[in-house]
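Hello,

Here is the structure I promised to pass on to you. Have a look at it first, and my notes follow below.

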Amino acid sequence: MMNRILTAYVAFISALMILPITIVIAASINSAAYLSFPPAGFSTIWYKEVLTDPTWSGSLWLTLKIGIAVSLLSTALGVAAALGLRAVNSTWSGALQTFFLSPLMLPTVLIGLSLMQLYQSLGIRASVLTVTLGQLLIACPYVIRLVLASFSGIDPRLERAASILGANPIRVFWHVTFPLIRHGVLAGLLFSFIVSLDDVNIALFLSDVHTTPLPVQLFSYIEQNADSLGAAAASLLVLLACGAVFICDRLVGIEWLFGAKQRSA
């Protein structure tokens with residue numbers, strides 16, 4: 001009986017999460033210009049318009065460039081921070097972890113507004129760099145948390161053995177530590193890319209008319225329009241995020257990624 005209740009509960013929650021996305025994707029292939037469900041007919045004209053219109057396509061490519069930059073930078077900084085947190089004693093480790101993870105506790109609207117005021121006071125104009133740095137602030141904590149979780153499963157004697165055998169710290173990291181935490185690093189890379197794709201609040205404050213990521217372009221568009229073109233743009237963001245998850249699943253496995261199954265290094 002309990003299993004049936006849990007199954008029904010999971011199915012209900014899954015439906016709440018998936019159905020809205022399904023409706024948006026269905027609306028994006030609607031042949032009619034206005035939003036309607038079920039679709040009046042099948043057409044991919046709205047996807048073609050997003051990919052060929054200079055405004056939409058420019059925002060899409062800018063979003064991908066920023067997402068790649070944020071994911072790479074946040075992964076490098078997050079791994080370095082996790083290594084440092086692992087090295088400090090337990091007295092300071094908890095406080096430092098709270099500090100590094102604190103951006104996740106703040107509303108992104110507040111972070112975006114604060115960064116905008118900071119950049120203005122320093123005379124820094126809105127650009128791709130300001131958006132990238134802003135998103136880096138909320139992406140790094142995911143990498144730090146996931147890499148720290150990977151460190152918890154490492155036997156420190158392996159690293160000590162490599163050092164005793166004459167390996168310097170860099171070789172110990174690349175040949176011993178990194179292979180053991182690579183799944184956590186890849187998970188952080190994935191999440192930081194998705195965070196960048198999903199961000200509206202920070203990019204809204206830190207971008208201008210010349211640097212408008214796709215989520216901001218979509219947000220501005222749907223304020224004045226409710227048609228299939230906006231649904232197609234939103235569906236592209238969903239498909240990009242799903243593609244990132246699929247790639248990660250092919251490389252390391254979603255079961256291992258979320259702790260459902262252990263996987264050998």
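Helices are DSSP runs of H or I with at least four residues, strands are E runs of at least two, and both are numbered from the N terminus. This is a predicted model, in which local features need pLDDT of at least 70 and side-chain atom pairs count only at pLDDT 80 or more, while totals for chains, interfaces and linings use all residues. Residues are numbered from 1 along each chain as its sequence is written, and side-chain values use heavy atoms, with hydrogens and water left out.

Let me start with Ser207, which sits in the loop linking α9 (201-206) to α10 (214-224). Ser207 counts as buried because its relative accessibility is 14% (buried is under 20% relative accessible area, exposed over 50%, partly exposed in between, with a 1.4 Å probe and protein chains only). Its side chain comes to 2.5 Å from the backbone oxygen of Ala203. Setting aside residues up to four places away in sequence, Ser207 is in contact (heavy atoms within 4.5 Å) with Ala126, Val131, Pro213 and Val216.

Leu206 also touches Ala126 and Val131, and its other partners beyond four places in sequence include Leu115, Tyr119 and Gly134.

Thr75 belongs to helix α3 (residues 54-87) and is buried, at 10% relative accessible area. Beyond its neighbours within four places in sequence, Thr75 contacts Val143, Val185, Gly188, Leu189 and Ser192.

Finally, the record: an unreviewed UniProt entry lists "transmembrane region" at several stretches, including 100-120 and 172-195. UniProt positions follow the numbering used here, feature names are shortened, and annotations may be inferred rather than shown by experiment. In the model, residues 172-195 are 100% helix, with end C-alpha atoms 31 Å apart; residues 100-120 are 71% helix, and their end C-alpha atoms are 24 Å apart.

Best wishes

Key:
A polar contact is a pair of N or O atoms within 3.5 Å; within protein, one must be able to donate a hydrogen and the other to accept it, and residues adjacent in sequence count only if both atoms are side-chain atoms.
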